[in-house]
Amino acid sequence: MTVAAVAAVGLAASAAACTGDEGDVGDGGGGDAIINMQIGEVKSLIPGGSGESEGYRIIKNIYDGLVYYDIDSGEPVNLAAEEISSPDNQTWTIKIKDGLTFHNGEAVNADAFIRSWDRIAYAPNVLPLNYFFGTFEGYAEMNPDPLPEAEWADPEVPEYAPVDITHLSGVTAVDDLTLEVKLSAPFIGFPTMLGYEAFLPLAQECLDDLAACEKKPIGNGPFMFEEEYDLEAGGSAVTWADYNGGKKPSIDGVKWKVYLEGDDCWADFQTGDIDICSPAAADYASAMSDPDLAERLIQEPDPSILMLAFPLYDEKYQDVNLRRAISMAIDREGVANVVGPERFQPLDEWVPASILGGGTHSCGEYCVYDPDAAKDLLADAGGWPEGEKLRIWVNDASDNLDIFRAIGDSISESLDIEYELVPMEWTEFLQARIDHQLDGPFRSGWGPDYNLNENYLEPIYGGGPTVNDQGWENADYDAKILEAGAAATLDEAVALYAEAEAILAADMPSVPVFGQQYNYFYTDRLDNVLVHPIYAGPRGDCELRDVVITE
Amino acid sequence: MGRYVIRRLLQALLTLGIVLFLLHYLMALSVQIRGNPAMLFFGGDRAPDPAMLAQVERLYGLDNKCYERVGDPCLLPFVDRLQAFVQGDLGTTLNGNRDVAQLLAIYIPNTLRLFIFATITLVVVSMVLGTWAARHRGKLIDHTVRGTTILADSVPVFLILLTYVYIVAVPLTRWARGIWGTESFMGQVFRPNYNPDYPWTTIIIPGIIVGTVGLATMTRLIRASQLENIGSDFVRTAKAKGLKPLRITIVHVIRNSMIPIITGVGFLFAFMLSGAVLTEGVMGIPGMGRMIFQAVQRQEGNLVIVGLSVSAMVVVFVSLVVDLLYAALDPRIRYE
Amino acid sequence: MSELTAPVAPAERQASLWSDAFRTMRRRPDVIIATVVLLLVFAMAAFPGLFTDKDPTKCLGREAKLRPDTWFTGNHPLGTDAFGCDFAATLVHGTRPTITLALSVIVVSVLFGLILGIYAGYYGGWVDSLISRALDVFIVIPMLMGAILILSLFRGRVSADSLVETIAAPAIALSLFGWMEFCRYTRAATLETKNLDYVVAAKCLGANDRRIMFKHILPNAIVPVTAVVPTTIGGIIVTEAALAVLGIGVQPPATSWGVLLSKGTEWAGGGYVYLFAWPLGLLVLTVFAFATFGDALRDALDPKLR
């Protein structure tokens, strides 16, 4: 027994000695004003490979894009670009600012953008953001359709001709600092779209050694990595002393700590180890009861939305009155009460108000909770088949099970239909949606890529019945979208997109359920905490270029 | 003795081989029933181009026809996998295309640290309690110890964990930091989450919590074994000789009770991995338990098979060591 | 003078291990309390109507998380749960799946373990080798991990229609990884017993194998197994709760104590302690009762510890 005691004491002593050394790791590059941020699972730190919120939260600080969205108006403001113009909305000329460099000294010129875009658009690279170049001329050559089935070695496995072309023919470097982009169809939202991750530049050194670049990215933004980023443990970035691309950040660096599913930053926020965090619903109530903490709350509209979409390829759901009945049967406030009224608000439109062109309340009366009217509409649609259950398909991440269970309870109460939840793992869920294999309404969510209402309309509902997950077909809608893309001014385009939204509302292939809100608490060492509606990540984020540390 | 060891090693190899095949079969079944995990490679909200999907499937050997038929054991991919293992290639993950061997190099030490503290806690606490209960057999202390350990086992370990993280840890950390400062040992040891900057300090409490799994069983084992020894001749002789009770307890009784401890630790090793799954998830420790759990959810075949095989190897190895120690400690046991 | 009569021995009571054990346990107060608790819980599982008359599936989102201000009276005796369902009803109706799951797992595991153990111990040779290898393979995979593996196959394919469907998946998963302990004990007991004189005698008299196994060996083999059964049931209930917290196992909207507990832990910190305290209390009480019963049973059956 004494041996064990001695061992325990020895271990404690050595652990105490260890902390002396370990404590020094926290220091960043030059100064001490380091902000501690939480981050989730990062997929990639090279533009084009992420497409998810966590990697993008780092990428947006390490890289500067051509444009940046203004935090108040949401309009794109030139950042790395000097000027973006087009005579016909189809051929665009982009002038890049002179004198910009990457962290390693390479110039940020037309070639930097071309090599990045070529990498993403090249099909064999298998990058998630590949489809953003769909409107560029030359995309089809780099993304061929499969060979005829007869030529496949294995009748089950599609085969493709090898892709020799590695450069988008529609993009040319007119001179060192000017790009010319030819689109296959006019798209007035092009400059707005350029603010997204897919259009960031890439350094040659990065392209030469992608594996090293994943660990220590080489960007052109205000923050740089001096040490490698570890996907498990996180990492830290320091302010780049030679940054001349725009406003310099006032802090000295940022430290990211990783929290995966099932774990959250709130406990560490309370001990002061994380500077900004979003509480779970239960913790929110107790946080608000602390008057000091309640003052350090930021609430910003989160443009992410949650919808219940219908599989229109299933004949049960082909009557619009049934869909409207279900929409009116959902007590949105009741459901919000279950999962967190501070985070979710009832939504009655398909494009939220915080997005340019949104806030049209297009759903109108059909998104108001009215069980009697819902029953009438259901009767109009011929009633619900006796004995059949309404199957609601969701992916089983975080809140979805709770939200959709409450939605199911609500529908069940109002319309007297039995329901069941079918949870699936994310990738299977996605596949089932694409393959049109669902037999009941399913969860559909969306977050903003760029600040235009078109982003909430075309990618989800466009493309025709074989492409979109709902299997929705409406020629008027598709025509209206094309018309809007060819509009002369952005204002006209926005108005035309809104008209497309109205067409969508009349047909209701999906039901808007919730809009969301960010509720972030921050520690008292921070000041000037700004949460950008488009750029902010979930669970706790702020603009690193603006935040100030007061200690 | 040598023959015994060789026979046990051969048995262990056979067991591991069967385990490998079973795991492979389960993962193949998973792909057949649940569908294609290749989508994981892409992430994000949208669907990848079928061309790219096919490429990824080819990369990971998921394009074999056997994955269409439910129940097909997929022998060819199994053989491929075995060949790769023998050559030292443990494969890569779907999500992020990371090298499995590298991931193991990160995860195993973390879980190992957790287990070290768990084992120390388990052994020390159950020893103390078991001895105490045996000494005062039948009296209030005995019943209290038994009652308390049973109660401790009745409360699921994740509840102790959650209670600690959400109720105890934050105030305790604040208090400790107020006195000793943030960077000190005390300021870090009570943190509600694991911090990779302080790998040893912040793993103490999770280790202790995992160590309470199986406390009742261990205490009971020790108590029973000690009772056996207390009533035995050599202890009676020692008492007759006039040795102090404490010395008798430590030198004679405890040493002879080591056998059930070792057996118990060996047996409980497998349970610790289960405890680790929950602990690592809640406290954010990048370890084997959490890795395997996530890998199963996402159908990361390589990770699941390699991870569970490693754990199986450890359990088999530990049980072999336990049996050998058994023979070393008790001269009455001899293996043919 | 009274007649001298040969002393007649008083009628002797038949002493057997079981009746002795029963008598010992009957006397202990903790066993009595444990038994009462268990009977209550079984009653709750079998006849939920006795304890509550509300429908646990009638859930209104607006009424979520109403605290039970009026205890045991009023519309919602214990308040409402996180989704607006009557909490008392949810608790009571959640008992049946939990208990049924635990009982079915233990029955299947014990049966499996017993049969395999006896066969292995009795026949020896390659039967023993086969079964011992199987034992090794399954022991090496921890129960929770094995359950996670098996349950992942069932994702999204189970509905909450009937009791059987709700618990089938976790029941299979837990049984598959729960039979090893019983098999081991039985095999050891079989090995011990099969060389005893009366067994050898029975064989010489021509009794066939099956008769020997089940009439002579089984009564001995079942003793160490029975000693562990109650404690194992408690362990299964706890494991089910762990599975629920991980999100596999019994799936909402079906309830079980594990599901209630995992929901309750989310809200406990926000001031809704009752959502957490009630399922926890019920679970701990039941498992403790099982464990106490089991501990007492083990002591009563173990001749060395008298």
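**Figure 1. The contact between chain A and chain C in the predicted model.** In this predicted model, 24 residues of chain A are in contact with 21 residues of chain C; two residues are in contact if their C-beta atoms, placed from the backbone, lie within 7 Å. On the side of chain A that touches chain C, at least two residues come from each of α9 (281-288), α12 (332-339), α14 (400-415) and β15 (419-424). Helices (H or I, at least four residues) and strands (E, at least two) are DSSP runs, numbered from the N terminus. The most is given by α14(A), with 6 residues. By class, this side of chain A holds 11 nonpolar, 4 polar and 9 charged residues. Ala, Val, Leu, Ile, Met, Phe, Trp, Tyr, Cys and Pro count as nonpolar, Asp, Glu, Lys and Arg as charged, and the others, Gly among them, as polar.

**Figure 2. The two domains of chain A.** Chain A is divided into domain 1 (4-262 + 523-530) and domain 2 (301-516), with bounds from an automatic or database domain assignment. Their C-alpha centres lie 31 Å apart. In the contact between them, 12 residues of domain 1 meet 11 residues of domain 2. The side of domain 1 that touches domain 2 has 7 nonpolar, 5 polar and no charged residues.

**Figure 3. An open sheet in chain A.** Four strands of chain A form an open sheet in the order β1-β10-β9-β8, with mixed pairing. Because β1 (34-39) and β8 (223-224) stand at the edges with a single partner strand each, one side of each is left without a neighbour in the sheet. Strands of a sheet pair through backbone hydrogen bonds, either parallel or antiparallel. Two strands are counted as paired if DSSP finds at least two bridges between them. In the parallel sense, β1(A) pairs with β10(A) (residues 253-258) over 6 bridges. Gln38(A) stands opposite Lys257(A) in β10(A).

**Figure 4. The helices of chain B.** Chain B has 13 helices and 0 strands. Its C-alpha atoms fill a box of roughly 85 × 60 × 30 Å, taken along the principal axes. Of its 336 residues, 46% count as buried, that is, with 20 or more other C-beta atoms, placed from the backbone, within 10 Å of their own. Among contacts in chain B between residues at least 6 apart in sequence, 68% join residues at least 24 apart.

**Conventions.** Residues are numbered from 1 along each chain as its sequence is written, while chains are lettered from A and ligands numbered from 1 in the order in which they are written. In this predicted model, local features need pLDDT of at least 70 and side-chain atom pairs count only at pLDDT 80 or more, whereas totals for chains, interfaces and linings use all residues.

Key:
Buried ≥ 20, exposed ≤ 12 C-beta atoms within 10 Å, placed from the backbone.
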